[in-house]
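Please read the following note alongside the sequence and the coordinates. It is written for a reader who is new to structural models.

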Amino acid sequence: MTASDFDSKSPAPAGESNADCHAASGPMEVGDEVHWKPASTGLEFPAVPFPSRRVFEVAGASLLRALVRRHHQRLLNTPIGHLFPKDPARFAAGVEKTADFIVEATGGPALFTANHGHTCMRSRHFPFTIDELAREIWLAQLLSAFDDVGFPDEVREEYWNWVESLSIRVINRRTMRAAPRRIPLAGAATELADALALQRRVAAVAV
C-alpha cells in the first residue's frame with residue numbers, strides 16, 4: 001500500500017477501468033477454502049491464491065490490524081518510506097484503510113468496499129513508482145512484522161502466499177527483463193536478505 005491508498009478515491013488510469021480491477025460491486029467474497037485469481041499471460045502476472053476465511057478466524061481483526069500497522073511503521077524507515085504521506089494524520093488514516101482491506105479480504109466485516117468501493121489494487125498504485133526492489137523491501141518488512149506482532153504460524157503461509165503473489169501485480173516499473181522472482185515463505189528470510197541489507201546501508205548513511 002502506498003500514498004494513493006491514503007486518498008478517499010483514486011481513479012483508474014487511462015485504458016484501465018474500475019471494471020478491470022474488480023468484477024463485483026459488493027463486499028469481497030471470502031469462502032471456507034482458498035480461491036484463486038487466474039494467471040495472466042499478458043504481463044506475466046502469477047495466479048493469486050486469495051486467503052480462505054480461516055485466516056480471519058485464526059488471527060482475528062485486532063491482530064490483522066496490528067500487523068498492518070506494524071508493517072507500515074517499519075516501511076517508513078526504509079528506502080521506500082517516501083511513498084507514504086509525511087503528515088501523521090494522513091498516514092494513520094491510510095494505514096486504517098489498508099487494514100480495512102486486509103480484514104475484509106480475509107473474511108471480516110466489509111468496511112473497505114462499503115467506504116471505498118472497488119479494490120482496484122493495481123490502479124491505486126499507478127501514481128507511484130514501484131519496482132522489483134520496492135516489492136522486496138515491502139515483503140521483507142512484512143516478514144519482520146509477522147514476528148513483531150506474533151502472527152499465528154498456522155496461517156502465516158496462507159497469508160504470505162496471497163500477498164507475495166499479489167505484490168507482483170503492484171509493480172509498475174520493471175527494471176529487469178526477467179519476471180519478478182517468487183519468494184516462498186519457507187526461504188523468505190534468505191531470499192530477502194539483499195533487500196534487508198540495502199535498508200540497513202541506507203539507514204546507516206542517514207545517521
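The numbered points below take up confidence, overall build and aromatic pairs.

1. This is a predicted model, in which local features need pLDDT of at least 70, side-chain atom pairs count only at pLDDT 80 or more, and totals for chains, interfaces and linings use all residues. Residues are numbered from 1 along each chain as its sequence is written, and side-chain values use heavy atoms, with hydrogens and water left out.

2. The mean pLDDT (the predictor's confidence in each residue, from 0 to 100) is 83 for the protein, and 79% of its residues reach 70 or more. Confidence is highest in helix H2 (residues 54-76), at a mean of 98, and lowest in helix H1 (residues 18-21), at 44. Where pLDDT is low, the predicted coordinates should not be read in detail.

3. The protein has nine helices and two strands (DSSP runs, numbered from the N terminus: helices are H or I, at least four residues; strands are E, at least two). Their order from the N terminus is α-β-β-α-α-α-α-α-α-α-α. Of the 207 residues, 46% count as buried (under 20% relative accessible area, with a 1.4 Å probe and protein chains only).

4. The structure holds nine aromatic pairs (rings of Phe, Tyr and Trp, the last by its six-membered ring, with centres within 6.5 Å; planes under 30 degrees apart are stacked, over 60 edge-to-face and the rest tilted). Phenylalanine 146 and phenylalanine 151 are stacked, at 5.2 Å centre to centre and 20° between the planes. Phenylalanine 146 is buried at 0% relative accessibility, and phenylalanine 151 is buried at 1%.

5. Phenylalanine 146 also forms an edge-to-face pair with tyrosine 159, at 5.9 Å centre to centre and 75° between the planes. Tyrosine 159 is buried at 3% relative accessibility.

Methods. Buried < 20%, exposed > 50% of the residue type's maximum accessible area, 1.4 Å probe, protein only.
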